[in-house]
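Keep the model in view while reading.

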Amino acid sequence: MTNSSIGKNLSQKLKSNQLLLNIGFGSTVVAERVVAILSPNSAPMKRLKDDARDDRRLVDATHGRRTRSIIILDSNHVVLSAIQAETISHRYAALTDHKEDPVSPEEEEEV
């Protein structure tokens with residue numbers, strides 16, 4: 001088993017079977033808690049980020065790099081990431097598709 005496959009397995013599951021969404025540079029969030037994945041380029045998103053910082057709800061996971069996506073969690077926390085919003089959205093879709101379809105309907109009928 002390679003280091004990349006070990007890291008992939010660790011970044012996808014916790015002991016309580018919660019899926020983790022990789023948001024870059026070793027940072028993850030619980031996929032079930034994600035409400036929105038947004039681009040930070042508009043003025044409303046900049047205000048959202050500033051308001052979250054003022055209310056101490058901001059989590060900066062950019063590691064000093066340029067913010068390329070904003071992730072809103074169900075706890076109203078705002079997470080900044082240096083990975084493109086589209087890339088994170090694809091990762092989220094892959095995780096949720098995998099979780100929602102663990103057994104196909106044909107396999108259920110056979111059981």
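Ile 71 has Val 79 as its bridge partner in β6. The model is a predicted one: local features need pLDDT of at least 70, side-chain atom pairs count only at pLDDT 80 or more, and totals for chains, interfaces and linings use all residues. Residues are numbered from 1 along each chain as its sequence is written, and side-chain values use heavy atoms, with hydrogens and water left out.

Strands β5 and β6 run antiparallel, joined by four bridges. Strands here are DSSP runs of E with at least two residues, helices are runs of H or I with at least four, and numbering starts from the N terminus. Two strands pair if DSSP finds at least two bridges between them. β5 and β6 also form a hairpin, with four residues between them. In that turn, Asn 76 has a positive phi of about 75°.

On to β3. It runs antiparallel to β5, again through four bridges. Here Ile 37 has Ile 71 as its bridge partner. β4 joins by way of β6: the two pair in the parallel sense over three bridges. Asp 60 stands opposite Leu 80 of β6.

Together these strands make an open sheet of four, in the order β3-β5-β6-β4, with mixed pairing. β3 (34-38) and β4 (58-60) are the edges; each has a single partner strand, so one side of each is left without a neighbour in the sheet. Neighbouring strands are turned by 20° against each other on average, direction ignored; the axes are lines fitted to C-alpha atoms, and angles run from 0 to 180 degrees between N-to-C directions.

How many residues of β5 are buried? Five of its five are. Buried means under 20% relative accessible area, exposed over 50%, and partly exposed in between, with a 1.4 Å probe and protein chains only. In a regular strand the side chains alternate between the two faces of the sheet. On β5, both faces are covered: Ser 69, Ile 71 and Leu 73 lie on one side, Ile 70 and Ile 72 on the other.

The largest nonpolar core has 15 residues. Such a core is a set of buried Ala, Val, Leu, Ile, Met, Phe, Trp, Tyr and Cys residues joined through side-chain atoms within 4.5 Å. Those with the most contacts inside it are Leu 21, Ile 23, Val 29, Val 34, Ile 71, Val 79 and Ile 88. β1 (20-24), β3, β5 (69-73) and α3 (85-100) each give two or more residues to this core. α3 gives the most, with three. Apart from this core lies another, of six residues, among them Met 45, Ala 52, Val 78 and Leu 80.

Leaving aside neighbours within four places in sequence, Ile 71 is in contact (heavy atoms within 4.5 Å) with residues including Ile 23, Val 34, Val 79 and Ile 88.

Ser 27, in strand β2 (residues 27-30), counts as buried at 16% relative accessibility. Beyond four places in sequence, Ser 27 touches Leu 21, Asn 22, Ala 61 and His 63. Thr 96 belongs to helix α3 and is buried at 18%. The Thr 96 side chain reaches the backbone oxygen of Ala 93 at 3.3 Å.

Last comes helix α2 (residues 43-54), with 12 residues. Arg 56 follows α2 and has a positive phi, near 60°.

Definitions and conventions. Polar contact = N/O pair within 3.5 Å; in protein donor to acceptor, adjacent residues only side chain to side chain. Expected span 1.5 Å × (residues − 1).
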